[in-house]
Amino acid sequence: METSELKQAFRQAYGHAPEAVYFSPGRVNLIGEHTDYNGGYVFPCALSFGTYLLIARNDNRQLRFKSLNMPQIITLGLDRLTTPLPDNSWVNYPLGVIAQFIKKGIQIVDGYDILIWGNVPAGAGLSSSAALEVVTAYAFNDILHTGFDRTALALIGQASEHEFAGVNCGIMDQFASAQGKKGHAIFLNCDTLQFELVPVKLSGIKIVISNTHSPHKLDSGAYNDRVAQCRLALEQLRTVRPLNNLAQLTEEEFTKIENAITDPVAHRRARHVVGEVQRTTGAVEALKKGDILAFGKLMCASHVSLRDDYEVTGPELDALAEEAWKIPGVIGSRMTGGGFGGCTVSLVKDEAIPEFIEKVGAAYTERTGLKADFYIAEIGDGACKIG
Ligand code: GLA
C-alpha cells in the first residue's frame, strides 16, 4: 500500500488527517539462532517490508487503535494503558510499548488515534510483532520527545514482548528492526549490545526466504521451555565453573565440563548454543573475507544443530532446508527465527533461483501436503519516520 492510501484509510477511520507516518521493518536472521537470550552472537538483517504506523492527537483523552487487517477500532481510556487486553489482542503489542514508556515515568496526557498496516507475511517468523513494537516505540519517542536511542527503543520492545505477550524472547528481533541498515547485516553481541554493521555483498547470489505456511508455530510455551532449559544447563555448569552465560564457552571448553549438565535435554540445548555462537563468529569472518561458500556451510550446520539438538525445526522446515541442500546452486539454507513453522533463509545463485523455487516447492508439497511461498529478500533500513 502506498503512503497516500494509508493516509486516506486513516482519514476514513478517524475523520481527520494523520500527523505523522512511521515504519519499522521485519527481519531475517542469517545465522545465530537461539543464541540471543544466552548472551551470544546473532547476525540478522532488516527487511524492506515491515509495519507502518500513522498517528494524530485527538481531543477525547483516549487511545484509539485500528489495524487495516482487523474490522473494528479498539478504544482505551488513558487510565487503562498499563495492563494487557484479554484474548491475546493484537493491540497488546503497541499497548505493551506504551506501558513501558509509562513505567519509565513518561506521562501520556493526550489521546491519540493510531492506524497500523503491515506487509510482513503473518506468522512467518519474520518478526512482524517486533516490527509493530519498534514502530510504536519509535513513534512515541518522536512525538513525546523522550530522546531514547535506537537500542533503548529495542529494549522497550523486548520488555513489552515479555510483559504483554508472555514470550521471554531475546533482543535480536527488536534490535534488527530498530538498528537495521540497507545492504548490511548486524553482527550483534547480545550480552553487551555492541554491534557491527557488516556489508552483505553477494554478487550473483540472492537471499531467498521460503515460507512453510505451516500451521505449527513456535508458541510461547515451546519457546519459553527452551529459555528455561538453557538456564538449567547454565546453573549446572556453574557448579564447576563461574559463568555469566552459555555463550562464554568455546566448544573445547564446553566438552571439558559438559558432564556437569545432568539433564540430557538441557545438555543438547547447551551444546547447540555453544556451537551456534562459534558458527556465527566463523560465518561473519568468512563473509568479511568474501568466502561465501564457508558461510553457506555454516548455515547448513546451524540447521542440523537446530534440528537435532535444539529440536525447533519440525517436518516442514526440515523439508524446505533438506530439499534446498540438493540444488547445486544453493550456497546454504537453514531455518530462521524461532522455529517450528515460519521460514527458511537460503543463499542461492541467481541462475539457480527458478530451479530452486520449482524443485523445492514441488518436493515440499509432496513431503508435507502444504504449499510454500518464496520471496527474494532485500536488506532494508531500520525504523524511520517517512512523512
Ligand atoms: C525469536 C525470538 C528471538 C530469538 C529467535 C531465535 O525470533 O524473538 O529473540 O530468540 O526466536 O533465534
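Are Tyr52 and Trp117 buried or exposed? Both residues are buried. The model in which they sit is a predicted one. The protein holds 11 helices and 13 strands. Its radius of gyration is 21 Å, close to the 21 Å that the globule rule gives for 387 residues, so the protein is as compact as a globular protein of that length.

**Overall dimensions and surface**

- The C-alpha trace spans about 65 × 55 × 40 Å along the principal axes of the protein.
- Of the 387 residues, 58% count as buried.
- The protein exposes about 15,700 Å², and carbon and sulfur atoms supply 50% of that area.
- Taking contacts between residues at least 6 apart in sequence, 72% join residues that are at least 24 apart.

- An open sheet is formed by six strands in the order 5-4-6-3-1-13, and its pairing is mixed.
- Strand 5 (74-77) and strand 13 (384-385) are the edge strands, each pairing on one side only.
- Strands of a sheet pair through backbone hydrogen bonds, in either the parallel or the antiparallel sense.
- Strand 4 (residues 62-67) runs antiparallel to strand 5, and four bridges join the two.
- A hairpin of six residues connects strand 4 to strand 5.

- Helix 1 (residues 3-14) lies across strand 1 (20-29), strand 3 (44-58), strand 4 and strand 6 (111-118).
- The angle between helix 1 and strand 6 is about 135°.
- Helix 5 (residues 172-179) lies across strand 1 and strand 3, and runs at about 130° to strand 1.

**Aromatic pairs**

- The structure holds 15 aromatic pairs.
- One of them is formed by Tyr52 and Trp117; the ring centres are 5.7 Å apart and the planes stand at 35°, so this pair is tilted.
- Tyr52 lies in strand 3 and Trp117 in strand 6, so the pair ties together parts that are 65 residues apart in sequence.
- Phe101 and Phe148 form an edge-to-face pair, with 5.6 Å from centre to centre and 75° between the planes.
- This pair links distant parts of the chain, 47 residues apart: Phe101 belongs to helix 2 (residues 92-103), while Phe148 lies in the loop between helix 3 (128-143) and helix 4 (150-165).
- Phe101 has a relative accessibility of 0% and therefore counts as buried, the cut-off being under 20%.
- Phe148 has a relative accessible area of 22%, so it is partly exposed.
- Ring pairs also link Tyr41, Phe43, Phe187 and Phe295 into a cluster.

Technical notes: Residues numbered from 1 in each chain as written. Predicted model: local features only at pLDDT ≥ 70, side-chain atom pairs only at ≥ 80, totals over all residues. Heavy atoms only, no water. Pairing = 2+ DSSP bridges. Contact = heavy atoms within 4.5 Å. Axes fitted to C-alpha atoms, helices over the stretch in contact; angles between N-to-C directions. Rg over C-alpha atoms; globule rule 2.2 N^0.38 Å. Buried < 20%, exposed > 50% of the residue type's maximum accessible area, 1.4 Å probe, protein only. Areas by Shrake-Rupley, 256 points an atom, 1.4 Å probe, with all protein chains shown as cover. Phe/Tyr/Trp six-rings, centres within 6.5 Å; stacked < 30°, edge-to-face > 60°.
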